[in-house]
Every structure is written in structure tokens, then in C-alpha cells.
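Here is a short briefing on a structure. Please read it with the coordinates open.

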There are 2 protein chains.
Amino acid sequence: MDAVQDEAAGKRARGLDRAFEILDFLRQKRQALKPNEIAAQIGAPRSSVYELVNLLLQNGILEFTGGEGRVYLGRKLYFLGAAYENHFDFTRECEATLEQLADETRETAQFCMLDGNRYTVVRMREGARPFRISTDVGQSVPIPWTASGRLLVAHLSDQEILNFIPPQDFRLPNGEWLEPQTFIAEVRQAEREGLFTFNSIVDSFTHCFAVPVRGEEGHAAATLCLVTPRDDGIANRDRYLDCLKKAAAGLDHAPTRPKRG
Amino acid sequence: MDAVQDEAAGKRARGLDRAFEILDFLRQKRQALKPNEIAAQIGAPRSSVYELVNLLLQNGILEFTGGEGRVYLGRKLYFLGAAYENHFDFTRECEATLEQLADETRETAQFCMLDGNRYTVVRMREGARPFRISTDVGQSVPIPWTASGRLLVAHLSDQEILNFIPPQDFRLPNGEWLEPQTFIAEVRQAEREGLFTFNSIVDSFTHCFAVPVRGEEGHAAATLCLVTPRDDGIANRDRYLDCLKKAAAGLDHAPTRPKRG
DNA sequence: CATCCATGTCCAATATAACGTACATCTGAT
DNA sequence: ATCAGATGTACGTTATATTGGACATGGATG
């Protein structure tokens, strides 16, 4: 379930890698955990985890919270993240764009990016009739499960895509197997059309629309999405896509443009 | 100028510590740097820095940006920081409070916290007549230079304060030496009164007001501040302090209250 | 009471990470 | 052309970080 980067068996893990594995794990769990639980759930030696957790605590990267020795992500990470956000200043424009999209369509609008080799919703604006959205902000999910995923890897070659996406991520949440070649065909189609839409794979009642937000290098640095009830989505398809494209045009080149420097 | 944590000379540094030293350094500089520059400026072996930078790049903790092999904080840090912000959900209330403060006083309002053993402005709302504020958001500065600093260490014993604050931080920006005992006396006074105000040490034309925002443990987890022209500040002292105290009361216990869990 | 498990600490063995040094380019100055 | 500095790479040495396992504790269970 974890440990994607284990190259060979029986090798010692580097402290740095384990440390960030711990941080990522806490982010996924979204709750404070005891060092012991962390060790057990990520399959790392307990003594190593205790050592690393203590180091991270000293650095303010982790913090005690929730009692009983539980730890969670620390304030220092917030400061570092804020510095990133400040440098690549996309938040303000992004927020305004989502607002406008939600106003125009009354549907749920999302701003999405890659998180390593997975997909994540960076910001979301709920629509007029909020329903239970299947993926929360900050949760990272397999790329093939999402419409945006087709766009976010479109700049890679077929082989690079296969190397990039963990093989098990082609197993869909309903248990079905998505042929990588099928996925790649959809990627190429999405690339040509500059959009991708489908009935959600993750749930059974929504339709998803995604368009690319292009960064400095010209490929999709992010996506804008609408998540709609299936009937609504199909009925308003053209209008929704129009709104999305206009919105994306306003953000293009912005997500990777530094404010200064 | 750096390397506060060097215990004994001639010792090897731990990779993790160096890594976070690099991250913190980039945050301070607020710009992309070449690995070589980083090594030179933090006084670390070049080969070590190159190795660590490459590791951090692989993890998405650092990113290439600015060309010429320059690196800066990466997207992964943004995600981790967002998870922290989501867990300790203070941003929304904080933003609203600063807005209100700025409206009521027309002065610059700040929300400040400790960053390790230094002070940093987490969020700021500019007042009606924006002047050049001496400390930007995200820059960390010595605790003794700030009004908030008196409040943020008030829960520590005298000895703990002396151990906590790096000795060189008692050297003020104008070159004067602030006696630690004088500082501690001010801390105790601030603790009794539940506020601290003074003419800024950092510049020569502002007056600073600070009140504590109390966290779960009952001590100052953060502060709210007003930075005003000296005349204005002295003329409106009582009203400003009133606004600050009301605002802080609205945030009390909030900064460390988890949204869930 | 005896057992079991979860939790945390301590310690020695050894795989390896951090470091110094040498080397290869490239650029600009003299 | 020659030199000096800045930048990045490669590699062997050695200090040490990672690890497994022993040990201690406390709560729950039978």
C-alpha cells in the first residue's frame, strides 16, 4: 500500500527518504499518530522511526498534538509552504478563478496538480448543491482515476508515462483493470482536444470536466475541473467547457510565474 | 551569520539537519540559488550540499527554477504546509480578524508566531497609509527586536528564556546591546499586563502594539500586532489596545484547535 | 495470577552517508 | 595565453546513522 520507492529488498533506507515518507504518510492520514503506529503502518523499523520523529520534532517539522505522544506536521512546514506559495504566486488568481467558475456554473470547481506521481486537488470551490465529493482537497489519488490525470501527463512520451505512473494505480477503485494502452490513448486524445471529460470512475453519479492550465514550459502545469451531477453535466456540456476554457486562459502561464526573481 | 546549532567543532552534520538548514536558508533568501551558492553561504561542504539537493529534488521538496541549475522550495512543501494549515485551522478566522482590525484602526495589523527560536510575521494586513514595513511576512527576526517577542516567550522561566534565545539576538539592529535581564523584565511586565508596546527597535518612526493570542496550553501561541506611525500610536493608544484585545479574544484557543480529531 | 500486546528506550554491529580532495569545464580578467 | 574563480562531478575514507533485538513498562484479558 505504500513504499513505492523500495528498489531492492534488504537495503537500508536513507534517513531523508524515510523522513519524507513519514511526513507524506501523516499528510495522507490527516491526523496525528504515535511513532509506533507510523512505524507499523509504513513498514519501517520502529527504532528508526523513533529516531527520525525526534529529529523532526527538534526541527519543528513535526509537533506533538492530540496527546499520548502523537505527532503531526509542524509549523515549520507551514512556513516553508507559505514561502513556496509566495514565490510561485498562483493562489490569489486561482481563488478568484474558482469563485467565478462556481458562480457561472453553480457546480463544484477544482484546481488540481500532480503531487509527485499522483494527482491531488489543490483548491476547491463547492457548487450550489454540494454533494459528497469523492476526493478531498489535499488527498492524493492515482492519476488514472481522474479526468485531469489525462492532461497532466500529456507532455510525457508513452514510455515515460508508463514509467511515471505506479503500475498498481491502473487498478480502478471498483476493482477493474484499466489497460495502460487505453489510458495512453485517452491521454493523446485529451492532448489533441485540450480537454477531457468522462463519467467519474471514483463514484457513480458525477461527470468530470477538465482543461489544462499551461505553465512556462507550455505543458499542463495544472488543471481546472468541474464536477457535476451526470445529467447536468451532459446537458450543459458545451457551456461548461466554454467557462472552463475561458477560466484556464486567464491562469495560463501564471502557476509557474515567479512573483520576483 | 548562520549555523546556530553547531554544537562542537569538527563534527559531521546529519543529513536531515543540513537538509532543513538548506530549506530554511532558501526561505530566508526568498529566491532560487545554485547549490554552490547555498554551500558557500551556509558554510557546508559542497559535495554534501550537492548530494542533499539532488535528494530533495527527487522528493519534490526542492524544484529547479530560475534557470542555471538554481533551486527553490518545491511543491511538496506547499502540500505539507497546506495539510498543517488545514489541521490547525486558524487561517480563516485569522484573516477575518486582521481585516477587521485594519478597518477599525486604519493601521497595519499583523499575526505573528515563533519560528523556532525566532519571531516571524505569519500574516499581515496593510493599513490605510502603507509605509515601508521593516519586517516582511515570512522573514524571521530575533525575538528581542519585537514587541510580540516579549509575549511569545512569557511562559518560559528566566533561565529557559536565556537558553532559548540565541545570545547574539540581543544585539539590536542599531548595534546596541540589550541586556538579557532588561529583556526579561520587559517579558514579565508584558506577562502581567497582557500586552506590550514600544517604539520600534527596528526602525525609527513606528510604534508597535502587541497582545497575546492564547492557545490550548494557556500561553501565548501567537500575537496580534499593530504597527503605526509614532504620533498616531501614542494618540490612539487606548483605543488601539482595546481593538487588539477584542480581536485577540475572538481568536483565543483557536490557533491550536484541530478541525478534526 | 499469568499472558499478551502496545508502547517506548537502549545498545552494539555494520552498511553507508558525509566529507575532503581531485578533476573537468567554463568564464572573465590581465 | 595565462590565471583565478565559479560551477559541477567523481571517488575513497571514515565517522556514524540505521537497524534489529533486548529490555522495561503498563494496560487489557482470561
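In this predicted model, strands β6(B) and β7(B) pair in the antiparallel sense over 4 bridges. Within that pairing, T197(B) stands opposite F209(B) of β7(B). The two strands belong to an open sheet in chain B, described next.

**The sheet of chain B**
- The sheet has 6 strands in the order β5-β4-β3-β8-β7-β6, with antiparallel pairing.
- Its edge strands are β5 (140–141) and β6 (196–199) of chain B, each of which pairs on one side only.
- Helix α5 (residues 91–105) of chain B packs on the sheet and touches β3, β4 (118–125) and β8 of chain B.
- The direction of α5 makes about 70 degrees with that of β4(B).

**Strand β8 and its partners**
- On one pairing, β3 (residues 108–115) of chain B joins β8(B) in the antiparallel sense over 5 bridges. There, C112(B) stands opposite T223(B) in β8(B).
- β7 (residues 206–214) of chain B also pairs with β8(B), again antiparallel, over 9 bridges. T206(B) stands opposite P229(B) in β8(B).
- The hairpin of β7(B) and β8(B) has 5 residues between the strands. In this hairpin, G218(B) takes a positive phi near 90 degrees.

**The nonpolar core**
- The largest nonpolar core holds 142 residues.
- Which members touch the most others? They are L224(A), L224(B) and C225(B).
- Leaving out residues up to four places away in sequence, C225(B) touches A109(B), Q110(B), C112(B), A147(B), S148(B), C208(B), F209(B) and A210(B).

**Chain B against chain A**
- 37 residues of chain B are in contact with 37 residues of chain A.
- On the chain B side, α1, β2 (71–73), α4 (75–87) and β3 each supply at least two residues.
- α4(B) gives the most to that side, with 12 residues.
- By class, the chain B side has 18 nonpolar, 14 polar and 5 charged residues.

**The surface near DNA strand C**
- DNA strand C is surrounded by 21 residues. The closest are G69(A), G15(B), P45(B), S47(B) and S48(B).
- Both chains contribute: α2 (35–42) and α3 (46–58) of chain A, with α1 (15–29) and α3 (46–58) of chain B, each supply at least two residues.
- How do the residues of this surface divide by class? There are 5 nonpolar, 6 polar and 10 charged.

Note on methods: Residues numbered from 1 in each chain as written. Chains lettered and ligands numbered in written order. Predicted model: local features only at pLDDT ≥ 70, side-chain atom pairs only at ≥ 80, totals over all residues. Pairing = 2+ DSSP bridges. Near = placed C-beta within 6 Å. Nonpolar A, V, L, I, M, F, W, Y, C, P; charged D, E, K, R; others polar. Core = buried A, V, L, I, M, F, W, Y, C linked by C-beta atoms within 7 Å. Buried ≥ 20, exposed ≤ 12 C-beta atoms within 10 Å, placed from the backbone. Contact = placed C-beta atoms within 7 Å. Axes fitted to C-alpha atoms, helices over the stretch in contact; angles between N-to-C directions.
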